[in-house]
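Biologist: I have a model open and some questions about it. Can you take me through them?

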Amino acid sequence: MAQRHWWQDEVVYQIYPRSFQDSNHDGIGDIQGVISQLDYIQSLGITTIWLSPVYKSPMVDMGYDISDYQDIDPQFGSLTDFKALLTAASERQIKIVMDLVVNHTSDQHTWFKQALADPASPYREFYIFKTTTDGTVPNNWRSIFGGSTWTPVPNEPGTYYFHTFASEQPDLNWENPALRRAIYDMVNWWLDLGVAGFRIDAITHLKKDLDWASLPADGSDGLASVTKKGQNRPGIERFLSELKAETFAKYDAVTIGEAYGVPQQDLHQYIGPDGYFSMIFDFSYMNIEVENVDEWYRGRSAWTTSDLRDLLFESQQQVQAIEGYLGNVLENHDQPRVLSKLVPNVAYQN
């Protein structure tokens, strides 16, 4: 019989702080606002709060572009406020799970600023820079947000930095042991503070194919999706195993991976009894209305209720076979409300 974990009995509720509760009447929800509603949250039977990003950030990607991993953005409050939240929540037997974004930072992070300021800086190796001699970008990979994955470095002709998502979100170089150590120390700092675990953003993008080779274009822009060379690539298992061993496993933390595109044959490595994560989100049905889950702008799919049923049953059978767990949800911050998603005809939404 599989081992039972504490998090299997939790009821988790996502809070998007910006729109949840505004305590100081500036039009933006904040941490003190969350604290003020803890009794109500407890009355609903909630035992764990997943708190969307509250780190310091320019908010290009609504907090998923972090400029300081160990501070709170002033619009949400302060680190003192966050510690007060941990205390007040604990008094009500409520745990706090944070978002963790370690595929990339903001371009306003001090690491990246130092990397740009000095090519000889050790922080240049915290990110991915390439130089070409023919005036063209290193390859034809398309970012998930559209356009090239490469942005020119100011005042360095022919040099570019890499980003899977927006240009303001430069990817971290997980091939660098010093970068990995800095990430682990940061994660453990939060766990020492009392955080119960993490929802882990974009985690399947950590490993890139190091040949950096161009691909046949898959669109009229002449580019090819970065996911073909930078998602679930061979070698990612080394990074994910080390991340777990150096952080989460030491604290019995709960981890929920945002893990797009994990092949069925690899599912046990991610969420089996000794998997990298406690669970991953089940996107098989959650993105059923999207034509391409890696490039949402391509439009809607033509799905049927039978498709939805089959996906639900198939994913549950797969995870049962490996004695693992999925995060089963209907909507989150990336998703439309489930009513408009699953009942697109407005005549039937009442």
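Biologist: Which helix holds T247?
Modeller: This is a predicted model, where local features need pLDDT of at least 70, side-chain atom pairs count only at pLDDT 80 or more, and totals for chains, interfaces and linings use all residues. Residues are numbered from 1 along each chain as its sequence is written, and side-chain values use heavy atoms, with hydrogens and water left out. Helices (H or I, at least four residues) and strands (E, at least two) are DSSP runs, numbered from the N terminus. The run at residues 236-251 contains T247, and that run is helix α8.

Biologist: Is T247 buried or exposed?
Modeller: Buried means under 20% relative accessible area, exposed over 50%, and partly exposed in between (1.4 Å probe, protein chains only). T247 has 0% relative accessibility, so T247 counts as buried.

Biologist: Which residues does T247 touch, leaving out those up to four places away in sequence?
Modeller: A contact means heavy atoms within 4.5 Å. With those sequence neighbours left out, T247 touches Y184, V187, N188 and L191.

Biologist: On strand β9, which residues are buried on each side?
Modeller: In a regular strand, side chains alternate between the two faces of the sheet. Strand β9 covers residues 159-162, and both of its faces are covered. The buried residues are T159 and Y161 on one side, and Y160 and F162 on the other.

Biologist: Which residue stands opposite T159 in β9?
Modeller: Two strands pair if DSSP finds at least two bridges between them. Three bridges join β6 (residues 129-131) to β9, and the two run antiparallel. Opposite T159 stands T131.

Biologist: And which residue stands opposite Y160 in β9?
Modeller: Strand β8 (residues 150-152) is also joined to β9 by three bridges, again antiparallel. Opposite Y160 stands P152.

Biologist: Which residue takes a positive phi in the hairpin of β8 and β9?
Modeller: Six residues lie between these strands. The phi is near 65°, and the residue is N155.

Biologist: What is the radius of gyration of the protein?
Modeller: The radius is taken over C-alpha atoms, and the globule rule is 2.2 Å times the number of residues to the power 0.38. For 350 residues, a compact globule would have a radius near 20 Å. The protein agrees with that, at 21 Å.

Biologist: What share of the residues of the protein count as buried?
Modeller: The protein has twelve helices and 14 strands. Of its 350 residues, the buried share is 50%.
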